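Here is a short briefing on a protein model.

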Amino acid sequence: MSKLVIVESPAKAKNIKGYLGRGYDVIASMGHVRDLPAARLSVDVENNFEPKYAIIKGKENFVNDLKKKAAKADYVYLATDPDREGEAISWHLANILGLDMSEKNRVTFNEITKTGVNRGMADPREIDIDLVNAQQARRILDRLIGYKLSPFVSQKIRRGLSAGRVQSVALRLVVDRENEIRAFKPEEYWSIDAKLNNPPDKKSFSAVLVADPDGNNLKPEKKALVTKEDSDYVLSKLENAEYVVKSVKKGTRKKNPTPPFITSTLQQEASRRLSFQARRTMKAAQELYEGVDVQGMGTVGLITYMRTDSLRISEEARAAGNAYILKAYGEKYLPAKPRYFKTKNGAQDGHEAIRPSMPDVTPEMVKSSLTSDQYKIYKLVWERFIASLMEACHQETLKVEIDANGYIFNATGYTVKFDGFTALYEEKTDDAAKSPSESPLPPMKAGDVLHLKSLDGNQHFTQPPARYTEASLTKALEENGVGRPSTYVTITSTILSKEYVVREGKQFVPTELGEAVTKLLKDKLPNIVNVKYTSKMEDDLDKIDSGEKDYIDMIRLYYDDFETPLEKAKKEMQGVKIKLSEEETDIKCEKCGRNMVVKVGRFGKFLACPGYPECKNTKPLVHKTKAKCPECGGDIVEKKTKRGSSFFGCSNYPDCNFMTWDAPSDDVCPKCGKSLFKRKGNVLYCPDTEGCGFTKPAPRKK
């Protein structure tokens, strides 16, 4: 019998074909083959929100070939990704191919290994129509809201803008945080810090003032000392004081490992540890899931499916991980009782947490077969998973109270009695730098007289909340129940590409445009940017998965909530246009002498005369670099292709045709004095056409 298996990606198709062997034809759909056409609303609002699907432009020939293959096959298996989106793709394929919806032709693979593929093929099921409807509800709601809201925002602010069910909430979080920072008023406070040692031990340790002789709390976080005068008064009372150990309290504490990754935590940790943007993380994870050619093993998927919010792991994987720990670390590194992590309420538990598909395959074993990004992500996933199974880290804590003229100082520290999981991995946190450091303390007992090495009053100021980074915004969206694992990358990419926010280092800073969009929506359609409202919508949409809610009723409920205030806002703002300030340049208009301003049009930014309509002069906006053209000495300017890619050329074009994809640097060639350019491999080179040939490694970014 001939069997046709349809998956989503060519890489996965090739690997699965290798596992299934003869008798199977495995082809890739390359994602969706049918969708709502973008040129129109494509949803019949008057007829129960019936979607008007069509074959995606450019895939007509593929669909025709697919129909021919399906007609010749004895059986068709739909093996798209194991999530809502994958279920919907299978449903669309079944409709296109005329397959029986009651037939058990849907298979899923949690991991692309021989075992994982065989297990999936052995357990086919019917298409889960509840999962399909959950995806349809999101798709239709997103289309209705985006299709009707985006033109309103564009008309009132600037053409080409977009707004949506999730992206607008994400933007509001960034804007609200910026407003918190602006409104923040720093408060001064002081701490009294001592450096001490316990003779004859010469190693010093830190202690901080926590109470005065009257028992008043002077811990720095209480901000009791608010001026330099307060600090100086305490310091005067401590002159010639004797520092005596009042009490020593010993204790123990246990530090448990963090759970294996879900989509959001993988993106957050890769951002913190590797400075990876979410898209880069997910690209490497997708490749690791779909399969890579590993020397000595063949093509194999190294991690499980990477879009998940479940913390569940299979007992088979747990046993394999435990076996590795036992072999590599010994029995004491395995907890006496297995550790189970609780998946948060509302999470989809269809498949496991992100873990290595073969826990005994260490990162070093496959390093030579992986790209740099693949290796870093695999190492992260593997270490996090193995560590999650290991024994806790056991620490002995020490808290010392020190008396000086009735003033009480505290010193805290700990020593590691058993490293446990920290022998392999420890999670980084966004606020790690803010945590007070605890250093080992020398042996001390009550009555010991300590030697004062220094005593200082230190000025501090309260700090505003930190701006969001991609990692912390993803965390905030997840914690607030906004969006789902598969959407986080798209959300951040959209608000960046629309120039609603810009990156400063890792931080997201809202632009004037982003703030204007948020203000408009908060004023006129508050539900669209209401975090709790959007979270409730997500929860209700999730209930479609389990059949608890009807998806048509759900769409109607939220569409009615949206359409009424939108129509009201249109009437209230008829003829109103929100004006943004324009960025003035030092470039003079050749026709009237005014300084030209930066405007944004259909194809991006351009220069225009502010004297419109009297003067209609416009010209392309080019960014001048510090480099000079190696051929004529003109300025090197950055230009954009129609697709938005950057290239660099001579400002004297068309008289000079110099052009390169390589970015110019500020450095000049020591041999000929011409500007150096940077090519792949992090190498600076001289582009001198006469063959100077100078190269050197580019300096690393700090």
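In this predicted model, leucine 149 touches Ala163, Leu521, Leu525, Ile528, Phe562 and Leu566, leaving aside residues up to four places away in sequence. Leu149 also belongs to the largest nonpolar core, which has 78 residues.

**Nonpolar cores**
- Leu149 and Val153 have the most contacts inside the largest core.
- Helix H5, residues 129–156, gives the most to this core: 10 residues.

**Cis peptide bonds**
- Proline 199 and proline 200 are joined by a cis peptide bond, with omega about 10°.
- Proline 200 sits in the loop between strand E8 (188–197) and strand E9 (205–211).
- A cis bond also runs from tyrosine 653 to proline 654, where omega is near 10°.
- Proline 654 is in the loop between strand E24 (646–650) and strand E25 (659–660).

**Positive phi without glycine**
- Serine 42 is not a glycine, yet its phi is positive, about 65°.
- The loop between strand E3 (34–35) and strand E4 (43–44) holds serine 42.
- Is serine 42 buried or exposed? Serine 42 counts as buried because its relative accessible area is 5%, and the cut-off for buried is under 20%.
- Phenylalanine 49 is not a glycine either, and has a positive phi of about 55°.
- Phenylalanine 49 lies in the loop between E4 and strand E5 (50–51).
- With a relative accessible area of 3%, phenylalanine 49 is buried.

Terms used:
Residues numbered from 1 in each chain as written. Predicted model: local features only at pLDDT ≥ 70, side-chain atom pairs only at ≥ 80, totals over all residues. Heavy atoms only, no water. Core = buried A, V, L, I, M, F, W, Y, C linked by side-chain atoms within 4.5 Å. Buried < 20%, exposed > 50% of the residue type's maximum accessible area, 1.4 Å probe, protein only. Helix = DSSP H or I, 4+ residues; strand = E, 2+ residues; numbered from the N terminus. Contact = heavy atoms within 4.5 Å.
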